[in-house]
Structure formats: C-alpha cells, structure tokens
Amino acid sequence: ISQIIKYNADVAFDRTMPAGHHWGTLYLPYAVEVPENLTAYYATATAVDVANKVIELTEVGNVIPAYTAVLINRADDGVTETFSFNYTTEKGNTVTGDVFEGRIMETYVGDANYNYYLLLNASKGEAFYWVAKEYNQTGAVGNTHIRCEANKGFLKLASGTTTASALSFRY
C-alpha cells in the first residue's frame with residue numbers, strides 16, 4: 001500500500017458516522033488530514049483512570065500520523081454524516097504511548113495479559129466497553145480473542161489493572 005500511496009495524493013478514506021453517534025475510532029496505514037468538524041484524540045496509559053471510569057484524551061492536531069489509532073469526535077447534528085480523511089505527505093505530531101490500537105484488516109486480537117475495550121453506544125452511552133474474548137485467533141468460537149473491524153481501533157489495558165465495565169471520555 002505505501003508504494004501506491006506514495007504516488008497518489010488523491011487517496012481518501014471515508015468514515016460514516018450515524019445520527020446519534022458523536023464518537024468513532026480510526027486506524028489507517030498512511031497519514032491523513034483531520035476533516036473539518038471533527039477532532040481526533042489519543043490517550044496514554046497514565047491518562048486512563050479505571051477507578052473513576054474515565055480516559056483523559058489528548059488532541060492529535062490537524063494530521064493523524066500513519067499507523068496511529070485515534071478516537072474521533074464530532075458535534076452530532078442529528079444526521080448521518082460521512083467524513084473524508086484525505087491522504088497527506090505531512091507526518092503529523094508524534095504520538096507516544098498511545099493505548100489505542102488498531103488494525104487495517106479485520107482480525108482477531110488476543111493476549112491473556114490484556115483486557116480489551118471496544119467503542120460502543122450502549123447502556124452508559126458512547127464509551128469504551130470491556131468485551132469478553134469470544135473468539136480464537138481464526139475467528140472461531142473460543143475465549144482468547146476479540147474481533148477488530150478493519151480500519152478501526154480498540155483500547156488495550158494490562159490485565160493486572162482493575163477492569164471497568166465502561167470508560168467514558170474527558171477532553
């Protein structure tokens with residue numbers, strides 16, 4: 001992919017956010033500009049407060065660096081909206097220690113030493129919810145992995161920490 005992108009400045013990735021949803025995740029193998037009316041965030045391990053069930057977010061800036069999982073936020077105006085993330089040759093600000101991870105292809109992720117959280121709109125509103133490991137590494141029923149959708153992210157925390165059912169955001 002990097003060879004194709006190197007010669008094509010017209011590359012863009014579209015993400016549709018449904019009405020009623022303010023948050024989404026994104027993970028791409030190339031740097032992109034943050035679209036107008038969106039803000040992109042990351043978080044470090046020290047910004048995750050499991051006891052108080054909150055994640056302190058830090059803004060990425062105008063460019064999301066390649067291979068950086070981010071949480072995106074929009075002001076929901078009650079309609080479904082599609083945002084185009086345009087490729088850029090700018091590298092963006094270096095993000096160090098990001099606890100969000102992502103994958104460019106749908107895959108199954110698991111490690112006994114970690115708890116996994118997915119962004120969901122559930123009982124506590126939009127938040128990262130702890131998810132049970134329901135798959136094995138090939139996607140069959142099991143108890144060692146979670147499913148990560150293509151170009152989306154998840155939160156991965158060491159299993160030695162207290163598990164919260166949901167983590168909301170402070171920004």
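Residues are numbered from 1 along each chain as its sequence is written, and side-chain values use heavy atoms, without hydrogens or water. Because the model is predicted, local features need pLDDT of at least 70 and side-chain atom pairs count only at pLDDT 80 or more, while totals for chains, interfaces and linings use all residues.

**Exercise 1. State in which sense β17 runs beside β6 and beside β14.**

Step 1. Take β6 (residues 54-56). It pairs with β17 (residues 166-170) in the parallel sense over 3 bridges. Val54 stands opposite Ser168.

Step 2. Take β14 (residues 125-130). It runs antiparallel to β17, joined by 2 bridges. Here Phe128 has Leu167 as its bridge partner.

**Exercise 2. Describe the lining of the largest pocket.**

Step 1. Define a pocket. On a 1 Å grid over the protein atoms alone, it is an open set of points where a 1.4 Å probe fits, with protein on both sides within 12 Å along at least five of seven lines; lining residues have an atom within 4 Å of a point.

Step 2. Count. The lining has 23 residues, and Leu118, Leu119, Leu120, Glu149 and Lys152 lie nearest the pocket's centre.

Step 3. Trace the sources. β13 gives the largest share, 4 residues. Strands that supply at least two residues each include β1 (12-17) and β15 (146-148).

Step 4. Link back to the sheet. β13 (residues 114-122) runs antiparallel to β16 (residues 152-158), with 4 bridges. β16 also supplies at least two lining residues.

**Exercise 3. Decide whether Val63 is buried or exposed, then list its contacts.**

Step 1. Apply the cut-offs. Buried means under 20% relative accessible area, exposed over 50%, partly exposed in between (1.4 Å probe, protein chains only). Val63 has 7% relative accessibility, so it counts as buried.

Step 2. Look for contacts, meaning heavy atoms within 4.5 Å. Leaving aside neighbours within four places in sequence, Val63 touches Ala31, Val32, Val34, Thr88, Glu90, Lys91 and Gly92.

Step 3. Check one pair. Val63 and Ala31 are 32 residues apart in sequence and 6.7 Å apart in space, C-alpha to C-alpha.

Technical notes
Two strands pair if DSSP finds at least two bridges between them.
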